[in-house]
Amino acid sequence: MPTFEAWDIVKVPFPYTDRPVRQRRPALVIAAGALRSEHGLLWVLMITSAENRRWRDDVAVSDLGIAGLPAPSVVRCAKIATIDASDAEHIGKLPRPDCSTVATRFRQTLTAVDRTRATRQRSGFRG
């Protein structure tokens with residue numbers, strides 16, 4: 001099985017949230033290591049065309065050559081998926097300057113989820 005690292009850009013069958021199909025598309029590996037070696041899985045963030053409607057947490061990819069992408073693209077930090085590592089094909093690497101921006105935006109997304117959960121727990125919500 002190929003070895004992947006955080007910040008690798010891969011082509012994978014990325015699941016859609018609004019329809020029961022998967023389309024092979026680029027994605028950013030955010031977790032591999034033990035997740036891959038012990039379970040054969042990768043956590044990835046969706047990469048989509050920069051022409052699509054922007055989301056607040058999107059991060060533009062600054063160097064398409066290094067990334068292995070054919071057109072202007074953004075990492076969509078709110079769209080995470082768990083993918084079987086054997087389905088992934090390495091196509092590039094996220095440019096170094098973009099890594100810290102993606103990490104910050106992804107952390108902000110997770111923090112927002114954690115704040116929502118804490119608010120619900122304080123209000124007695126059980127879900």
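Visitor: Hi! Which residue stands opposite L41 in β5?

Guide: That is D84. Before we go on: this is a predicted model, with local features needing pLDDT of at least 70 and side-chain atom pairs counting only at pLDDT 80 or more, while totals for chains, interfaces and linings use all residues. Residues are numbered from 1 along each chain as its sequence is written, and side-chain values use heavy atoms, with hydrogens and water left out.

Visitor: Good to know. And what stands opposite L42 in β5?

Guide: L42 faces I83 there. Both positions belong to the pairing of strand β3 (residues 41-49) with strand β5 (residues 73-84), which is antiparallel and has nine bridges. Strands count as paired if DSSP finds at least two bridges between them.

Visitor: Which other strand pairs with β5?

Guide: Strand β4, residues 58-60, joins β5 over three bridges, again in the antiparallel sense. In that pairing A60 stands opposite V74.

Visitor: And what about β2 and β3, how many bridges do they have?

Guide: Four, with strand β2 (residues 22-31) running antiparallel to β3. L28 sits opposite L45 of β3 in this pairing. On to β1: this strand, residues 8-15, is joined to β2 by seven bridges, and the two run antiparallel. There you can find P15 opposite R22.

Visitor: Switching to charges. How many salt bridges does a search of the whole structure find?

Guide: Five. A salt bridge here is a side-chain nitrogen of Lys or Arg within 4 Å of a carboxyl oxygen of Asp or Glu. One of them joins D8 and K93, at 2.9 Å from N to O. This pair links distant parts of the chain, since D8 is in strand β1 and K93 in strand β6, 85 residues apart.

Visitor: Is D8 buried or exposed?

Guide: D8 is buried, with a relative accessible area of 5%, whereas K93 is partly exposed at 30%. Buried means under 20% relative accessible area, exposed over 50%, and partly exposed in between, with a 1.4 Å probe and protein chains only.

Visitor: Which residues are linked with D8 in a network of salt bridges?

Guide: E5 and K93 are linked with D8 in that network.

Visitor: Where does R24 come in, which residue does its side chain meet in a salt bridge?

Guide: R24 meets E89, at 3.8 Å from N to O. Here too, distant parts of the chain are linked: R24 is in strand β2 and E89 in strand β6, 65 residues apart. R24 is partly exposed at 41% relative accessible area, and E89 is partly exposed at 43%.

Visitor: And which residue forms a salt bridge with D58?

Guide: R54 does, with the closest N and O atoms 4.0 Å apart. D58 is buried at 2% relative accessibility, while R54 is partly exposed at 46%.

Visitor: Now cysteines. How many disulfides does the structure hold?

Guide: Zero, where a disulfide is a pair of cysteine sulfur atoms within 2.5 Å. As for burial, C77 is buried at 1% relative accessible area, and C99 is buried at 14%.

Visitor: Last topic, the whole chain. What share of the residues is buried?

Guide: Buried residues make up 36% of the 127 residues in the protein chain. The chain exposes about 7,800 Å², with carbon and sulfur atoms supplying 52% of that. Accessible areas come from the Shrake-Rupley method with a 1.4 Å probe, and for residues only the protein chains shown count as cover.

Visitor: And among contacts with a separation of 6 or more, what percentage comes from residues 24 or more positions apart?

Guide: They account for 60%, where a contact means heavy atoms within 4.5 Å.
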